[in-house]
Amino acid sequence: MRRAAISCVAVLLLCHALLASSLRPRQFVYVFANEHLSESSSASSAAGEGSEGTEGSDEWDEFGDSESLPDVDYDQGSWLPFLESPSLLDDPSSDAREVQYASGVRHLISAASSGDSSDMESAAAEIEASASRGYPHAQSALGFLYGTGLMRAHSRSKSLLYHHFAAEGGNLQSKMVLAYNYLRQEVHEKALELYSELAEAAITSFLILEESPVIEHIRIHSGTEENQEDLRKSRGEADENFQITEYQALKGDSAAMYQIGLLYYYGLRGVKRDLTRALDWFSKAVEKQNPKAMELLGEMYARGAGVERNYTKAFRWLSLASKHKYYSAYNGLGYLYVKGYGVEKKNYTKAREYFEKAAENKVPGGFYNLGVLYLKGIGVKRNITKACKLLLIAAETGQPKAIYRVARLSHKGIGFKKDLHMATLLYKAVAERGPWGSLLRWALESYLKGDVGKSLLLYSRMAELGYEVAQSNAAWILDKFREQSICMGESGFCSDAERHTRAHSLWWQASEQGNEHAALLVGDAYYYGRITDINPEGTNRDFERAAEAYMHARSQSNAQAMFNLGYMHEHGQGLPLDLHLAKRYYDQALERDAAAAMPVKLALMSLWIRMNYADSFMVKVIDSLPELYPKLELWVEEVLMDEGNATILTLFACLLAVLYLRERQRRQAVPVAPHQPDIFLN
C-alpha cells in the first residue's frame, strides 16, 4: 500500500508538466456594468448645456464627411510604401532627409529578410543620419532601433527621447509608443491625452456606415504550437477554402459571390484589399437578388469607395436590401435620412424609426446611431442614461465608434462615473484600429511566406506600439527559431542572452495586457531560473516574481496557473506555506479545467501525506522529485532518444514482443487427445 501511494505521488510532477495550459490565450476584456453609470445623469436630461460640452452639440457627426483618403495619409512616415513597392524610386524633388530615411527603411527591411548584418548596420546608419538632421519619421525609426537593441545598444531613455522628438514632429507611431509607455508607468493623464488624440485619428479613417477596415489580429501560435488552422485561413487567394468559394462564385452561387466580395472589400484572411474586385463581385451578386451585397453596394456608393460617391444610388441599393428584410440596411437608411443625403430632406423621425428597426434586430450600428440620437437630442428628447445603455450594447460587440463614444463619456464623466483609467484603455482599443496597425498584416504575410526575419522585424515594431498580439508573436518567433540567424542584436546576430532577454521582455509585456500563456511562460522563467541561458542550472530562481506572474495568469482563470500557485503554497516557495490555501487553488484548477483531474487528484494525495506524515520518508521522496525529474528527462533525451540507441532499443522491444507472443501462443494451445481406436457397436 505504501509502495502504491509513493508510486502514485511520483507521477505528480510528470502530470504537472502535462496539464493543459489554456493553449489559446484569451483577450483581456474590460467590462462596464450598471455601477459605472453616473447617478447624477437624469434619465430625462434635456438641458444639454454646461458640462456636456461638445457631446451636447446638435451636429450629427463631429468628424464631418471628408472624402476617404488612403490609409497612409492618416499615418505619415508609415513603412507601408516600402513594403508595397520596395523598388519604388525616390522623387528627386523630395527632401534629402526623407530620401535618406526611405533608403534606410528599405535596406532595414531587406536586411531583415536576407539576414545580412552588415546591410542592417548600413540601414541603421542611414536612419540615424536622417534623424540627426531633424527628420521626425527617421527619429521614430531610430527610437525603435534603440528600444529593441537593433544595431544599437539597447537604451530605453534614448528610445523614448527620439520618440518624443518624432511625436513633436507629428509621427503618430511614436505617439503610440509614448502613450503605451505612459500607460505602463500608470501616468494616466498623459496616456489619456495621447490615446484620445490617436483614437480620434483612427475614427477619422473609418468607414461611414460600417466598421473600420478590419485589421485581423492573428496569433501565429496557439500557446506552445504553431496555430496551423488560423494560419491556413490567412493565406489569401492561395487558401483552399478561398479557391473553393471562388469556384462556387464563378458557377453562379450568389452567397459565394458575396463572400468573395467581402474578402476583397475588407482585406480579410490574407486577401489584399481590392475595392474594384469587391465592386465587381457585389454587382454580380445583386443581379441574383443577394440582399447582403445590396447593402454593401449601397455603402460603397455612400462613401465613394471604389466608385464615385453617389447618395442617390446608395439610397436605392439600401432600400432594395431593406425590402429583403436585411436589417443592417435599415441602419444605412437611417444615416442617410439624418444627414439628408440621397433623400429630399433630413427626416429625424424616419431616421429614428430605421435605427430602432436595426437595433431590434441586433445590428450594432443601430444601437450606436440610436444612442447618438438620444445623446444629442436629435429628433428625440435628450436622454443621457438611455444613450449610454445603447452605446454600451454597441461597444460590447466591438463597434469602434461606440467604444470611442463610451471612452469620451467616461473621460468627461457624462452618463458614466468619471474613470480616467478605463477611458484610457478604451481609447487604446480604438487607437489600435488605426491605419498604423496595417503592419500586422504584412508581418503575418511575411511569416506565411517563410520570411521569418522580416516578420520578426515588423512584429517587433508593432510590439513597441503596444499591440499585445505583436508582442506575443515576436516573442514566440524568438523562442521558436532560436537556432536560426534571424535575431539581430547590438552588433550582428543576437547572442543567446540577448535573444532570451528580448523574448522574456516581450512575454512580460504581453502578460501585463492579459495574455495568460505569456504570464505562465514568464512565471516558469522565474521559477526555474531561465531568465538567461547563462544560468542553465536554475541557481537564481525568483519564486516571488514567479508567483506574481502566475497571479496574472490566474486572474484570467487559467487552470495551470491555479495549480502552480497551489504547488507553491504547498511548498512555501515565494508564497506563505499554507496547505489549506494550496488545496483551494488545486480545487479551483479542477473546477476550471476538467483535464486537470488526474494532476489535481495526485496533488491532493501529496497534500494529504504532507498533512498527516509531515516528517516521514514519503514526504522527503515527494520533495526530491523536482530535482530528480530534470535529470530523468535529460537521460531520456540524451541516451534513449539518441538515434542509434533508439534503433537498438526499438529492435530489442520488438524482439521481446515476438518472444512474448510466441510464449503466450504456446501456453494457450489446446493439448490434442491421444488417438483412440474406433469402437464399433454391435
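## Basis of the model

Residues are numbered from 1 along each chain as its sequence is written, and side-chain values use heavy atoms, leaving out hydrogens and water. Because the model is predicted, local features need pLDDT of at least 70 and side-chain atom pairs count only at pLDDT 80 or more, while totals for chains, interfaces and linings use all residues.

## Overall make-up

The protein chain has 32 helices and zero strands. Helices (H or I, at least four residues) and strands (E, at least two) are DSSP runs, numbered from the N terminus. Of the 682 residues in the chain, 50% are buried. Buried means under 20% relative accessible area, exposed means over 50%, and partly exposed lies in between (1.4 Å probe, protein chains only).

Contact means heavy atoms within 4.5 Å. Among contacts with a separation of 6 or more, 62% join residues 24 or more positions apart.

## The nonpolar core

In soluble globular proteins, nonpolar side chains tend to be buried together. Here the largest nonpolar core has 186 residues. Such a core is a set of buried Ala, Val, Leu, Ile, Met, Phe, Trp, Tyr and Cys residues joined through side-chain atoms within 4.5 Å. The residues with the most contacts inside it are Trp79, Leu108, Tyr195, Phe282, Trp436, Tyr459 and Ile477.

Which residues does tyrosine 459 contact, leaving aside its neighbours within four places in sequence? They are Ile218, Ile220, Leu440, Ala443, Leu444, Ala470, Asn473, Ala474 and Ile477.

## Helices H26 and H28

Two packed helices are described by the angle between their axes and the distance between the axes. Axes are lines fitted to C-alpha atoms, for helices over the stretch in contact, and angles run from 0 to 180 degrees between N-to-C directions. Helix H26 spans residues 516–528, and helix H28 spans residues 559–571. Their axes come within 11 Å and cross at roughly 25°. H26 and H28 are therefore roughly parallel to each other. Angles under 35 degrees count as roughly parallel, over 145 as roughly antiparallel, 65 to 115 as roughly perpendicular and the rest as oblique.

H26 passes H28 in a left-handed crossing. That term applies if the near helix is turned anticlockwise from the far one by less than a right angle; clockwise makes it right-handed. From H26, Leu520, Asp524 and Tyr527 meet Gln560, Ala561, Asn564, Tyr567 and Met568 of H28. By class, this contact has five nonpolar, two polar and one charged residues. Ala, Val, Leu, Ile, Met, Phe, Trp, Tyr, Cys and Pro count as nonpolar, Asp, Glu, Lys and Arg as charged, and the others, Gly among them, as polar.

## Helices H8 and H21

Helix H8 (residues 172–184) packs with helix H21 (residues 420–431) at an angle of about 150°, with the axes 12 Å apart. H8 is therefore roughly antiparallel to H21. Their crossing is left-handed.

On the H8 side, Met176, Tyr180 and Leu183 take part. They meet Thr424, Leu425, Lys428 and Ala431 in H21. The residues of this contact divide into five nonpolar, one polar and one charged.

## Positive phi in two loops

Most residues other than glycine have a negative phi. Glutamate 186 has a positive phi of about 60° although it is not a glycine. Glutamate 186 lies in the loop between H8 and helix H9 (188–204). Its relative accessible area is 60%, so it is exposed.

Lysine 362 also has a positive phi, near 65°. Lysine 362 sits in the loop between helix H17 (348–360) and helix H18 (364–376). It counts as exposed, at 64% relative accessibility.

## Buried serines

Serine 446 lies in helix H22 (residues 439–448). It is buried, with a relative accessible area of 5%. Leaving aside neighbours within four places in sequence, serine 446 contacts Asp451, Val452, Lys454, Ser455 and Leu458.

Serine 472 is in helix H24 (residues 468–480). Is serine 472 buried or exposed? At 0% relative accessibility, serine 472 counts as buried. With neighbours within four places left aside, its contacts are Arg219, His221, Trp507, Ala510 and Asn515.

Arginine 106 is found in helix H4 (residues 96–114). It counts as buried, at 16% relative accessibility. Arginine 106 and proline 81 are 25 residues apart along the chain, and their C-alpha atoms are separated by 9.5 Å.

Lysine 313 is in helix H15 (residues 311–323). At 36% relative accessibility, lysine 313 counts as partly exposed.
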